Amino acid sequence: MLRRDQPAMTVLLGALIAVAPLAMDIYLASMPSMTRSLSATPEQVQLTLSLYMYGWGVTQIFVGPLTDRFGRRPALIAGLALFVAASLACAVARNIETLIAARVAQAIGMGTVAVVPRAIVRDLYSGEHAARMLSLMGIVLGIAPIVAPIIGSHLHVWFGWQANFVFVAAYGATALACVIAAFPETIRARDVRATTPEVILANYGSVLRSRTYIGYVLVAASGSSGLFAFLAGSAFVFVNVIGTGEEGFGFLFGAVMLGNIIGATVGSRVVVRLGIDRMLGYSTWLMLFSGLALAALAWGRVAHPLAIVVPMFLFMVALMTTMPQATAGALSAFPEIAGSAASLLLFCQFVLASTSALIVGMTFDGSERPMATTIDAATLLAFVIFRVLVRTRRAAGSREAT
């Protein structure tokens with residue numbers, strides 16, 4: 001079994017988290033052609049993404065208490081098994097309704113894999129070390145959004161959109177085998193009362209009473225909203241509006257996602273020196289700038305791939321220097337109920353982010369403006385929330401301590 005100080009532990013945790021963006025991003029290039037293959041509208045096809053996100057978010061509420069009660073390892077095994085089965089169901093779907101239902105089932109399995117690695121980090125690390133570990137995992141995580149659309153676009157051209165779901169099923173099966181063979185249980189003491197309604201409500205109530213926790217959660221949720229708005233609209237903007245084609249979309253999307261690795265690398269090296277809050281102060285400034293630039297170019301009718309790629313690359317750098325720090329800041333005060341705290345964080349994150357994706361789908365007008373405006377609004381929210389709910393609260397606490 002792996003130990004906490006082994007590099008393979010970091011790699012495996014990153015690979016587990018990478019299952020999620022892989023399942024979201026690999027089929028994005030196929031979305032425009034799926035409308036024809038399944039006799040569906042663009043709005044219906046976009047539901048395979050937004051409802052996936054909603055299902056993923058709602059699952060978070062239940063997964064945290066279950067992992068606190070039964071342990072991290074059993075939850076990972078069950079979640080990955082469901083994910084693999086649902087991915088195969090997506091591959092054989094012959095109408096949009098079946099595909100949407102299979103995607104929701106896939107999201108329920110994926111919800112477990114999203115929560116557990118973050119709770120494991122809190123089991124093994126704390127403070128800036130937890131933030132550094134999350135950033136290092138983010139480097140591994142950052143590879144998936146780069147390679148997924150490139151792989152997906154080529155699989156689409158060679159074999160059809162169904163091959164994307166066969167690929168993620170194989171990836172999930174490999175991850176499942178690694179967990180069974182090498183992953184240890186990390187929770188120190190199982191909470192036998194964690195799944196009782198009274199305890200669930202009490203645990204969630206204790207974290208919701210922390211305004212600092214709420215501030216960090218909303219910063220993370222706002223950043224994720226910008227990302228999910230891009231995921232929902234990018235394929236239609238690049239393929240249909242700008243005319244890059246599926247393979248061109250894969251490379252352009254991958255270029256944007258290079259910001260994942262750069263942001264995670266910078267974050268992992270700098271956060272220990274700057275601290276969580278100073279890091280978030282700088283990253284939310286960069287996030288705001290990228291959102292304003294994207295919206296200005298879109299409303300200025302600059303219809304060129306670089307008008308999207310460059311601002312979104314900067315957004316991804318900012319996002320990956322924001323998310324690990326906001327997550328670590330939110331979870332640091334709740335070591336005994338880290339699973340529940342992580343579940344609630346991801347629930348809020350995915351509900352808000354899924355809504356932004358739904359807005360992009362509902363307002364798509366054949367241009368890049370709805371996507372760009374939604375992303376800009378999300379960056380503004382992250383910027384303001386950090387300064388109102390986190391920084392001012394921390395400053396007030398410091399004054400009281402002195």
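What share of contacts between residues at least 6 apart in sequence join residues at least 24 apart? In this protein the share is 86%, where a contact means heavy atoms within 4.5 Å. The model is predicted: local features need pLDDT of at least 70, side-chain atom pairs count only at pLDDT 80 or more, and totals for chains, interfaces and linings use all residues. Residues are numbered from 1 along each chain as its sequence is written, and side-chain values use heavy atoms, with hydrogens and water left out.

**Overall make-up**

- The protein has 15 helices and zero strands. Helices (H or I, at least four residues) and strands (E, at least two) are DSSP runs, numbered from the N terminus.
- Of its 402 residues, 59% count as buried. Buried means under 20% relative accessible area, exposed means over 50%, and partly exposed lies in between (1.4 Å probe, protein chains only).
- Accessible areas come from the Shrake-Rupley method with a 1.4 Å probe; for residues, only the protein chains shown count as cover.

**Nonpolar core**

- The largest nonpolar core has 119 residues. Such a core is a set of buried Ala, Val, Leu, Ile, Met, Phe, Trp, Tyr and Cys residues joined through side-chain atoms within 4.5 Å.
- Met-53, Trp-56, Leu-99, Tyr-213, Phe-228, Phe-230 and Leu-231 touch the most other members.
- Helix H9 (residues 211–242) gives the largest share of this core, 16 residues.
- Leaving out residues up to four places away in sequence, Trp-56 touches Ala-20, Met-24, Ala-107, Met-110, Gly-111, Ala-114 and Phe-350.

**Nonpolar surface patch**

- Val-58, Phe-62, Leu-66 and Phe-70 make a nonpolar surface patch of about 380 Å².
- Patch residues have over 30% relative accessible area and no salt bridge; like charges are joined within 9 Å, nonpolar side chains (Val, Leu, Ile, Met, Phe, Trp, Tyr) within 5 Å. A salt bridge is a side-chain nitrogen of Lys or Arg within 4 Å of a carboxyl oxygen of Asp or Glu.
- Val-58 belongs to helix H3 (residues 42–70). Val-58 counts as partly exposed because its relative accessible area is 41%.

- Val-309 sits in helix H12 (residues 305–320). Its relative accessibility is 9%, so Val-309 counts as buried.
- Val-309 touches Phe-238, Leu-252, Ala-255 and Val-256, not counting residues up to four places away in sequence.
- Val-309 and Met-257 are 52 residues apart along the chain, with 9.3 Å between their C-alpha atoms.
- Ala-81 is in helix H4 (residues 72–91). Ala-81 is partly exposed, at 37% relative accessible area.
- From Ala-81 to Gly-109 the C-alpha distance is 7.5 Å, across 28 residues of sequence.

**Positive phi in loops**

- Most residues other than glycine have a negative phi.
- Ser-39 is not a glycine, yet has a positive phi of about 55°. Ser-39 lies in the loop between helix H2 (31–37) and H3, and is exposed at 69% relative accessibility.
- Arg-301, also not a glycine, has a positive phi of about 60°. Arg-301 lies in the loop between helix H11 (276–299) and H12, and is exposed at 63% relative accessibility.

**Cysteines**

- The structure holds zero disulfides; a disulfide is a pair of cysteine sulfur atoms within 2.5 Å.
- Cys-90 is buried, at 0% relative accessible area. Cys-348 is partly exposed, at 25%.
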